[in-house]
Amino acid sequence: MTGSCPSTLSAMRSGWMSMALGLAALAVALGVPLVGMAQIAPVPEARTPEDDYYRLIRFPLSEQLVLEVGALEMLPDGKLAVATRRGEIYFVDQPLAEDPAQASFHRFASGLHEVLGLAWRDGWLYCVQRCEVTRLRDEDGDGRADLFETVADGWGVSGDYHEYAFGSKFDREGNLWVVLCLTGSFSSEALYRGWCLRITPDGKVIPTCSGLRSPGGIGANAAGDMFYTDNQGPWNGACSLKWLRPGAFLGHPIGNRWYEVAGEVMGPRPKDPQSGSRMMVEAAKIPQLEPPAVYFPYSKMGQSASGIACDLSGGKFGPFTEQLFVGDQTHSTVMRVYLEKVQGHYQGACFPFRAGFGSGSLALQFAPDGSLFVGGTNRGWGSRGPQPYALERVVWTGKTPFEVLRMEARPDGFLLTFTEPVDLATASDKASYRLSTYTYIYQAQYGSPEVDLTQPEIVQIACSPDGQQVRLVLDAMAVGHVHELHLDGVRSARGQSLLHPVAYYTLNYLPGR
Amino acid sequence: MSLCFRAGGVIWIGVVLAAGTVLAAESSPRVLGWQPDAMRSEGNVAGGELLLGELNCISCHAPGPQAADRLRRKEAPILDAVGARVRPSYLRALLTDPAGTKPGTTMPGVLAHLPPGEREEVIDCLVHLLASTGSPTYALPMRLAAERGARLYHEVGCVVCHGPRPDSDSGHKPAGGAVAGNGHTADERGTSGTAAALPLGRLSPKYTLPALVAFLQDPLAVRPSGRMPHLNLAPGEARDIASFLLDDLDLVSGLRYAYYEGNWEQLPDFDRLKPVVEGDASQFDLSPALARGRKNQFALRFEGTLQITTPGEYLFLIGSDDGSRLWIDGQRVVDNDGVHPFQQRRKKLRLRPGLYSVVVEYFEQAGGEELQVDFEGPGMPQQPLANLLATPVIKKGSQPPDESPLVVDPDKAARGKTYFARYGCASCHTLRVGGTEISSQQIAPPLNRLDPARGCLAPSAGRPAHYPLEARQRQALAAALRFLATPPPALAPEETIRREMVRFHCVGCHQRGDFGGVDPSIQQFFQTDMPEMGDEGRLPPSLTGVGAKLTEEWLRKIFDHGATDRPYMRTRMPRFGLTNVGPLLPALVAADRDLVPPAPAITVSEEDEKRWKAAGRRLVGSQGFSCIKCHTFAGYRSSGIQALSLTTMTRRLRRDWFFAYLQSPLTFRPGTRMPTPFPDGQTTLPAVLDGTVASQTEAIWRYLADGDDAQLPLGLVTGKVELVAFDEAVIYRNFIEGAGARAIGVGYPEKLNLAFDAQGLRLAMLWHGGFIDAARHWTGRGAGFEKPLGDRVLALPDGPPLARLPSPEVPWPGDVPSDVSRQFRGYRLDSVRRPTFLYTWDGVRVEDELRPTGEPDLWVMQRTLRFAADQPVTNLYMRLAVAGRIEPRGMGRYQIDGRWHVSVRSAAEPVLRTGSSAELLVPIHFENSQARIEVTYDW
């Protein structure tokens with residue numbers, strides 16, 4: 001038993017630290033703002049053109065409140081729930097205050113094992129921890145969770161740090177989706193590592209997809225279909241957004257040993273893909289294989305794709321209604337994704353959206369007012385944003401940027417829709433565009449360079465009468481390739497260049513005539 | 001086919017020709033650099049010049065000074081100690097028929113022109129001469145060593161030159177771990193890889209195990225020209241690889257020990273230690289230490305092979321002071337670790353007849369020291385485990401047996417000396433006998449006066465040296481000789497570089513421009529400890545622009561010592577020797593001089609130096625560019641991948657290159673994961689210094705130039721994050737050692753703590769004092785299991801906490817029966833955050849409440865378990881303790897192992913069972929579908 005008198009320096013130091021922690025604990029219990037506690041140096045402000053259209057509101061950070069955001073959720077009473085990698089859940093009062101220093105943080109729960117999913121339903125806060133889905137409730141009304149009920153824990157954990165579990169919001173059937181990272185991100189040493197599971201309202205586990213590698217986030221589109229981001233590595237040439245089509249095999253075969261126990265719902269185990277081939281070649285041979293919907297070309301569009309959120313604000317977040325927003329943890333950005341369905345499969349284009357977040361963007365969450373919360377952490381990995389953690393809010397200024405709104409595939413080219421009318425001269429000029437295509441080697445080795453380069457020619461350009469659409473006709477469509485389109489020469493009718501003059505379309509399937 | 005005949009009182013064993021060797025035609029000399037099609041093209045002067053050096057032509061035919069710059073001699077093996085290195089039977093076979101004995105050898109036959117009788121006599125005398133330099137010792141390889149060697153061989157780089165093994169020439173089955181593949185691909189690019197490797201074939205006719213080990217430890221001592229480089233192998237590694245290469249010999253050999261010195265509190269990681277001494281042992285005891293008079297602070301590791309002849313159950317007992325561990329076939333069987341007085345642990349295994357590797361690890365800190373490793377088996381009473389050690393068994397007729405040493409005839413050896421000088425051996429081979437080097441008596445015309453139609457190049461067996469050259473080799477040599485008849489021009493730097501890269505087969509690992517690079521057929525052998533680094537972590541770096549990248553100091557260091565800058569890369573950069581590859585240095589510098597623009601010259605005054613270094617320090621740290629997230633720093637690990645050290649950068653890299661690289665890593669290393677701190681030419685941290693790329697790069701450079709003396713950057717060293725319960729309990733759910741991956745730790749204000757295992761649904765540990773340090777999981781990536789922070793850690797029984805026993809005598813199940821359903825249901829917190837755990841077991845709902853109780857300084861943990869079931873429940877027991885001794889103290893109190901107490905209040909009387917260990921069980925007695933038990937732990 002330890003004595004009551006600290007006699008060593010470290011004991012004294014930990015005593016001071018403990019007292020400071022205790023004060024902070026008291027503060028958060030009372031729900032006071034943390035301005036005044038030891039501050040983390042804010043990100044130096046440097047204005048960028050993006051600020052004119054989407055500004056960043058940064059919550060001030062303190063060293064005591066370690067906001068390594070793993071998940072976010074809006075609560076019915078207007079508070080923002082923030083869950084962290086340290087297993088804490090804070091409720092933020094006045095999260096939409098124009099001056100974020102007015103927001104106060106109150107700790108609702110702690111002691112959880114790394115929360116990477118939060119969803120509210122019927123008075124319970126559901127969280128996805130490393131080893132289970134737990135729902136929490138404050139029974140005695142003191143503002144802190146008292147009941148931690150295990151909803152489902154039907155997957156394995158071996159003790160490896162990389163076995164992350166991300167959780168979605170509730171889908172239309174009331175299920176929660178959980179995506180499980182591989183052991184070490186390389187193998188599958190415990191049950192259902194590398195799989196997506198659905199958790200029913202009564203806690204049953206339904207194996208849903210196989211072939212995952214290292215998820216960074218999960219979210220649904222406007223139609224209610226679920227997607228997740230996977231990271232460059234074995235069998236993943238670049239980071240990508242993948243459709244969690246129930247029954248699908250999403251590319252990485254090492255977790256397929258669990259087909260033995262998955263039962264009828266997943267059907268027979270798919271053939272192993274041939275390493276060194278191409279995704280669409282293998283997809284033609286393996287019916288369960290679902291190719292990535294959108295690639296984020298490595299280093300051009302980030303290096304570590306993360307959280308997903310869909311703009312359902314009906315216009316409060318600008319022109320990109322019903323499009324997806326995806327974070328990148330390394331580049332500290334949020335990217336934008338437009339999806340369409342071709343031959344029954346999702347595919348589409350990604351565009352840069354917003355850079356300059358304070359830490360590694362991880363969790364995305366839209367607020368009722370149409371603003372977008374972005375929570376970040378870079379512990380264990382590097383990020384451009386220099387802060388160890390961050391909580392920020394992206395607010396549309398009301399000014400619409402000149403951007404490619406949509407990029408849709410056609411049998412012989414693309415249809416571009418812009419956010420405002422284009423200048424016909426520059427938009428019709430082939431020299432305004434630069435197009436190249438490439439794909440990735442689908443292989444067991446880590447990642448892949450861009451290969452099979454082609455440079456199709458634009459043979460014809462047609463603009464719509466209202467000037468808002470441009471139809472590009474190409475001399476060839478490279479099926480299975482990312483089509484990287486630069487639009488440096490295109491101007492709006494008002495003479496502006498595009499805010500982000502580049503788009504990357506993943507053309508897995510060619511639309512019919 | 002083997003030839004075995006007796007002559008001169010010695011059993012001669014001829015060469016065993018393996019399947020696949022063509023017997024009719026002799027194999028031409030095999031030179032790695034010669035194999036690509038481009039080299040072998042008709043009349044290729046460069047190919048001929050390569051061969052002039054590799055075949056040692058210029059040892060006899062002196063080149064002029066300009067020609068010498070273009071040719072480099074591959075010196076023949078130094079024979080000063082060859083008697084100890086090579087078996088005499090092999091020496092004889094090699095001298096009789098070099099190309100037949102060692103297909104592809106570059107050693108010519110120099111005695112072919114002698115009449116047969118005379119030839120035999122000369123060979124005999126030469127053998128006696130060489131055997132007079134020493135005689136080989138014999139040892140048999142060990143199984144575990146050969147298995148490790150198989151991995152090492154395929155990992156550290158041997159495959160790049162020698163190909164994967166087994167190969168078509170070796171004709172034997174692989175030891176575990178070897179990968180199939182013949183290393184032959186059609187080489188259309190003409191410059192890279194191991195399209196034709198130099199397979200080693202069967203080495204046991206030539207080398208004994210100790211001889212091959214000695215050779216591998218310093219190849220340059222025997223073959224100074226560095227074509228086979230020095231791999232910087234640790235002695236154990238050399239033995240492992242040699243064991244693998246000789247694994248056609250028998251793989252059993254008793255017991256070996258390795259002895260270490262150091263101060264440990266638990267068994268160290270032996271892989272990271274260097275032994276003080278190693279040797280053969282006949283039993284598992286402490287004599288290696290005691291013989292040195294050492295009684296404290298040492299460790300021993302024994303490795304051997306057990307032979308099991310009778311199948312059945314074997315009980316392994318290991319007793320020690322201090323800690324020990326026993327491994328059988330790679331599985332940890334008994335863990336008896338820790339600092340403790342003599343204590344014994346035991347484990348039963350069911351074994352079938354066969355061979356098993358055994359490893360015993362032991363350490364002694366202080367005080368008494370003792371080690372006892374015993375076993376019991378079917379029909380075998382307890383006895384030392386050493387009695388089960390396998391003894392060497394010679395397999396019948398499959399490989400050369402140990403040879404008795406050749407008895408050297410001094411007359412023959414003296415005649416051999418004469419022949420050595422006369423027939424040209426001394427022209428290529430250094431041999432010092434009695435302190436003096438034998439000098440050659442051969443006279444040969446200088447290189448520029450050779451007639452390609454005569455001498456060694458004549459189509460018939462050449463004299464005086466017979467090289468069984470293939471036609472293309474002849475043509476290339478002839479072309480080279482014609483070219484060198486007049487003084488040739490100097491080589492341009494890039495040409496020099498290419499020639500050296502071909503000569504030393506750098507191209508097998510390294511690419512330079514579009515030249516060289518790892519052949520696809522052996523890609524898989526390049527492995528890494530950091531798979532997350534992708535190909536960057538496993539494939540050797542490109543040499544494009546390396547003359548502009550690395551400093552001369554560093555290049556010299558790499559050439560002379562090998563490189564250790566990338567410890568995660570399992571393929572090693574070996575030591576070629578500065579004298580051998582030195583010419584590369586000026587060539588690289590000259591060729592790459594202008595590849596990188598000069599970095600801006602930035603002067604910083606002495607007063608400002610400190611500020612700039614501080615800025616560099618800020619930029620490198622976790623709130624700057626976060627370099628330390630990936631790169632190691634002065635021996636400190638990074639939190640993620642362990643990329644090259646930051647503190648050697650300024651000695652390793654040229655400043656100009658550093659500036660250019662930081663702005664666009666991808667330009668210099670395509671596919672790198674390294675991000676740029678200056679995307680689009682702008683810094684992400686405009687507030688540091690003047691916010692320019694040049695200043696910030698300079699600041700980083702100056703800061704890193706302090707090397708290991710640099711002040712540590714922010715975020716490198718993190719302290720404890722002790723979780724303390726003040727007035728409320730604190731919960732920590734994470735990987736806790738002793739409680740599993742679904743562990744829930746609880747720290748109470750009374751300074752009692754527990755860990756609950758939500759997988760096994762059991763209380764796993766109790767301890768006093770500090771709760772837990774969260775730093776492991778809350779800094780960096782958070783890998784591993786954390787131990788309790790405090791003291792007096794009490795581990796509660798493993799295995800199912802509850803079980804249905806038909807009667808109280810039935811043994812407690814080792815595992816939960818598959819028909820028993822269990823589910824963790826979470827926990828409820830009271831007003832001061834103390835949890836009550838909820839779970840169901842076989843239809844019974846359990847509420848498990850844990851609270852400290854008692855008085856200050858005398859707190860005990862009170863556990864109240866409430867059971868509820870809808871169906872009637874019978875025969876349900878809870879197991880509270882498993883120990884050596886459990887003694888009832890009355891009133892429901894029990895003393896455990898004389899050290900701690902447990903008190904039980906329950907409706908039914910607890911059951912105390914004795915046997916090999918004592919168990920305390922409590923029957924769960926239900927009334928009105930409910931039951932309740934109170935347990936108090938006082939430890």
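**Two crossing helices in chain B**

In chain B of this predicted model, helix α1(B) contributes B:V45, B:G47, B:G48, B:E49, B:L51 and B:L52 to a contact with α16(B), where the partners are B:Q473, B:A476, B:L477, B:A479, B:A480, B:L481 and B:F483. Helix α1 covers residues 45-54 and helix α16 covers residues 471-483; their axes come within 7 Å and cross at roughly 95 degrees. Because an angle of 65 to 115 degrees counts as roughly perpendicular, α1(B) is described as roughly perpendicular to α16(B).

The C-alpha trace of chain B spans about 110 × 80 × 50 Å along its principal axes. Of the 939 residues in chain B, 54% are buried, and the chain exposes about 41,300 Å², of which carbon and sulfur atoms supply 51%. Among contacts in chain B between residues at least 6 apart in sequence, 66% join residues at least 24 apart.

Confidence in the prediction can be considered next. The average pLDDT of chain B is 87, and 92% of the residues score at least 70. Residues 1-24 of chain B have pLDDT under 50, and the model gives them 29 contacts beyond four places in sequence. Residues 168-195 of chain B also have a pLDDT below 50, with 75 contacts in the model beyond near neighbours in sequence. Where pLDDT is low, the predicted coordinates should not be read in detail. For the complex, the predictor gives an ipTM of 0.91 and a pTM of 0.79.

Notes:
Residues numbered from 1 in each chain as written. Chains lettered and ligands numbered in written order. Predicted model: local features only at pLDDT ≥ 70, side-chain atom pairs only at ≥ 80, totals over all residues. Heavy atoms only, no water. pLDDT = per-residue confidence, 0-100. Contact = heavy atoms within 4.5 Å. Axes fitted to C-alpha atoms, helices over the stretch in contact; angles between N-to-C directions. Helix = DSSP H or I, 4+ residues; strand = E, 2+ residues; numbered from the N terminus. Parallel < 35°, antiparallel > 145°, perpendicular 65-115°, else oblique. Buried < 20%, exposed > 50% of the residue type's maximum accessible area, 1.4 Å probe, protein only. Areas by Shrake-Rupley, 256 points an atom, 1.4 Å probe, with all protein chains shown as cover.
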